[in-house]
Amino acid sequence: QVLALLGREMGKAQKTHSIDRVIWATEVLEECRTLTQPPQLLSFDTIVLNPREVIATGIAGLDLQIQGLARGDLGICAAPTGRRKTQTMINFAVNAALDQRKVLYITVADQSYMELVPRIDSCILEEPCPVNADATFLMQRHERAIKSLPGLLWISDFTDSECRLSDVDKAISADVWDLVLVDHADDLISKWSNDLAVTRHSLRAVYLGLKKIAAKYQVPIWTGSQSLEMSWRMDGASIGDLAEAKVGKATGAAIVLVLTGGRREHPGLMYANIAKARRAYTERSILLTYDDKICRIW
């Protein structure tokens with residue numbers, strides 16, 4: 001019956017050019033599929049353990065404490081508006097690609113590939129990009145960056161369209177990736193996004209959905225998220241400093257990092273605070289150096 005419903009809605013979509021009902025029917029089908037699955041039970045004496053591969057961030061101070069992100073894990077990097085969330089995502093992506101990894105960068109409602117690529121080039125080449133650079137200069141610079149990158153980097157751009165969890169799933173299913181960046185998950189659309197009664201809690205569903213996708217494809221996913229504006233002026237931060245769904249956002253995450261500038265802000269320095277980590281660490285706040293001109297963090 002659900003398959004028949006889906007077929008009818010797809011027929012209507014061809015006439016109306018609207019797929020909202022198709023998306024709804026697909027979600028109903030997914031719920032039915034889940035209900036018919038057998039319970040997930042593992043016999044303790046038959047479990048075979050293998051070490052999980054960890055993809056390092058490439059930032060020495062961070063990797064010393066968190067060792068990077070394992071396959072199937074979700075990591076969150078949070079900061080207030082304009083405080084280097086995207087720059088951090090770029091560094092994670094470039095460092096992985098420099099380590100001969102295959103990386104997918106999904107940009108959501110923030111910076112299009114036309115804005116993103118020059119910043120990525122700066123990070124690779126460690127050279128600032130002139131403000132008034134013309135198209136010829138930008139392409140020559142981009143070609144040099146390509147030649148300097150041993151790995152592969154793909155970009156999926158949703159800055160001019162809605163991006164749903166299903167779009168993220170589809171993009172990841174296109175290939176086998178070593179690392180995926182979603183910049184940033186707060187702007188992903190869920191089936192509750194237009195319901196004013198539950199919009200605040202829809203973010204929890206989005207982040208849990210990302211965790212499911214990471215586990216499904218056994219790929220580490222880093223995403224950027226909003227933190228409270230006042231948190232930047234702190235020496236340390238916690239899950240409680242995440243904006244909106246707060247604890248709900250962090251439920252499915254293996255690692256949550258909150259970037260702060262400290263009570264006495266120093267240009268070129270910021271803290272990465274381990275708000276959550278499912279592993280041992282000795283330092284909760286790691287002092288990082290940044291250079292906005294070359295889009296680098298170390």
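## Sheet and salt bridges in a predicted model

Residues are numbered from 1 along each chain as its sequence is written, and side-chain values use heavy atoms, leaving out hydrogens and water.

**The sheet**
- Nine strands make an open, mixed sheet in the order E5-E4-E6-E7-E3-E8-E9-E10-E11, where two strands pair if DSSP finds at least two bridges between them.
- At the edges, strand E5 (152–157) and strand E11 (296–297) each pair on one side only.

**Strand E3**
- Strand E3 (residues 74–79) is largely enclosed by the rest of the structure, because six of its six residues are buried; buried means under 20% relative accessible area, exposed over 50%, and partly exposed in between (1.4 Å probe, protein chains only).
- Leu74, Ile76 and Ala78 point one way from E3, and Gly75, Cys77 and Ala79 point the other way.
- In a regular strand, side chains alternate between the two faces of the sheet.
- E3 runs parallel to E7, with six bridges, and isoleucine 76 has threonine 223 in E7 as its bridge partner.
- E3 also runs parallel to E8, with four bridges; here glycine 75 is partnered by isoleucine 255.

**Salt bridges**
- The whole structure has 19 salt bridges, each a side-chain nitrogen of Lys or Arg within 4 Å of a carboxyl oxygen of Asp or Glu.
- In helix H1 (residues 2–16), lysine 12 and glutamate 9 lie three residues apart, about one turn of the helix, and their side chains meet at 3.7 Å, N to O, in a salt bridge.
- Lysine 12 is partly exposed at 47% relative accessibility, whereas glutamate 9 is buried at 4%.
- Arginine 71 and aspartate 178 form a salt bridge at 2.6 Å, N to O.
- Arginine 71 sits in the loop between strand E2 (69–70) and E3, and aspartate 178 in the loop between H7 and E6, so this pair ties together parts 107 residues apart in sequence.
- Both are buried: arginine 71 has 16% relative accessibility and aspartate 178 has 18%.

Notes. This is a predicted model: local features need pLDDT of at least 70, side-chain atom pairs count only at pLDDT 80 or more; totals for chains, interfaces and linings use all residues. Helices (H or I, at least four residues) and strands (E, at least two) are DSSP runs, numbered from the N terminus.
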